[in-house]
Amino acid sequence: MALPPERPSPEGPVRLQKAISAAGLMSRRAAEDLIAQGRVTIDGRRARLGDRVDPADSVVKVDRARLPLAPHLVTYLLNKPQGVVSTTSDPHAAETVVDLVPDYPRVWPVGRLDRRSEGLLLLTNDGTLTNLVTHPRYGIQKTYRVLVKGVPRRAVVRRLTEGVVLEDGPARALRARLVDSTAREAQLEMEMGEGRNREIRRMMEALGYPVLRLARVAIGPLRDASLRPGRWRRLGGPEVAALYRTAVTE
């Protein structure tokens, strides 16, 4: 579902360093230093001290990475429990991920985790961030812990990065490693660049190692092992900015 366009700031244009500071990204003094060093641009041109911007409309970048300045934007990090669906509504589901976060402002899940999977999921009203996180071209990787039935040999783990043929085309992990194992099951860590439907589950099934449990533990630079299932927190400005910086946009 498409997100609504960013609405203009009711305050109108403000000084650039104030807009950066108000977004929680850094102090005004630090912003002024970056501007003086020529590392900040506004709508593609080099910024100068004294410039004013509309936080909800101007495209401000530091070292080519966009800054999330719009004051109405919110992004939540949720630890999705098993059994909850990653949609805004589902008549067949008792609970969706949007039921677990505040009702206002309205937010949408960034990508999906299937009903049986758990772990970190973003919900936001930031359309730019949604595109950066979900589209493979921007290179924001997701990391998963995967418990499987059986113990894959090294050659099988290598297959995960070399590619596994699925009905909708080859799929591969960017990285894969065996974390732990017992006589009957093993835990893998996998980094993925795509988000195809049930991709990891189908890869492991194709190799003969059905998934028993699957949890996303990182989205790009974001990790939070202290966040309990069903709990959420609002991301701070620096965390959102880190996601923007991680995206490969050049």
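Reply: Trp232 is partly exposed in this predicted model, because its relative accessible area is 34%. Tyr76, at 5% relative accessibility, counts as buried, because the limit for that class is under 20%.

These two residues belong together. If rings are paired when their centres lie within 6.5 Å, the count comes to one aromatic pair. The pair consists of Tyr76 and Trp232, with ring centres 4.9 Å apart and planes at 70 degrees, so the arrangement is edge-to-face, the cut-off for that class being over 60 degrees.

The account now turns to the helices. Within helix 2 (residues 28-36), the buried residues are Ala31, Leu34 and Ile35. Their directions span an arc of only 100 degrees around the axis, which means that they sit on the same side of helix 2. In general, an α-helix has 3.6 residues a turn, so residues three or four places apart point the same way. Arg29 and Ala36 are exposed on the other side of helix 2. The cover over the buried residues of helix 2 includes helix 1, strand 2 and strand 5 (60-62). Just beyond helix 2, Gly38 adopts a positive phi of about 80 degrees.

Helix 1 (residues 16-22) contains Gln17. Gln17 counts as buried because its relative accessibility is 9%. Leaving aside residues up to four places away in sequence, Gln17 touches Arg28, Ala31, Glu32 and Ile35. Two of these, Ala31 and Ile35, are among the buried residues of helix 2. With Glu32, the side chain of Gln17 also makes a polar contact of 3.5 Å.

Four strands form an open sheet in the order 3-2-5-6, and the pairing is antiparallel. Strand 3 (45-46) and strand 6 (65-66) are the edge strands, each of them pairing on one side only. Strand 2 (residues 40-42) is joined to strand 3 in the antiparallel sense over two bridges. In one of the positions concerned, Thr41 has Arg46 of strand 3 as its bridge partner.

Conventions:
Residues are numbered from 1 along each chain as its sequence is written. Side-chain values use heavy atoms; hydrogens and water are left out. Buried means under 20% relative accessible area, exposed over 50%, partly exposed in between (1.4 Å probe, protein chains only). A polar contact is a pair of N or O atoms within 3.5 Å; within protein, one must be able to donate a hydrogen and the other to accept it, and residues adjacent in sequence count only if both atoms are side-chain atoms. Contact means heavy atoms within 4.5 Å. Two strands pair if DSSP finds at least two bridges between them. The arc is that of the directions from the helix axis to the C-beta atoms. Rings of Phe, Tyr and Trp (its six-membered ring) pair if their centres lie within 6.5 Å; planes under 30 degrees apart count as stacked, over 60 as edge-to-face and the rest as tilted.
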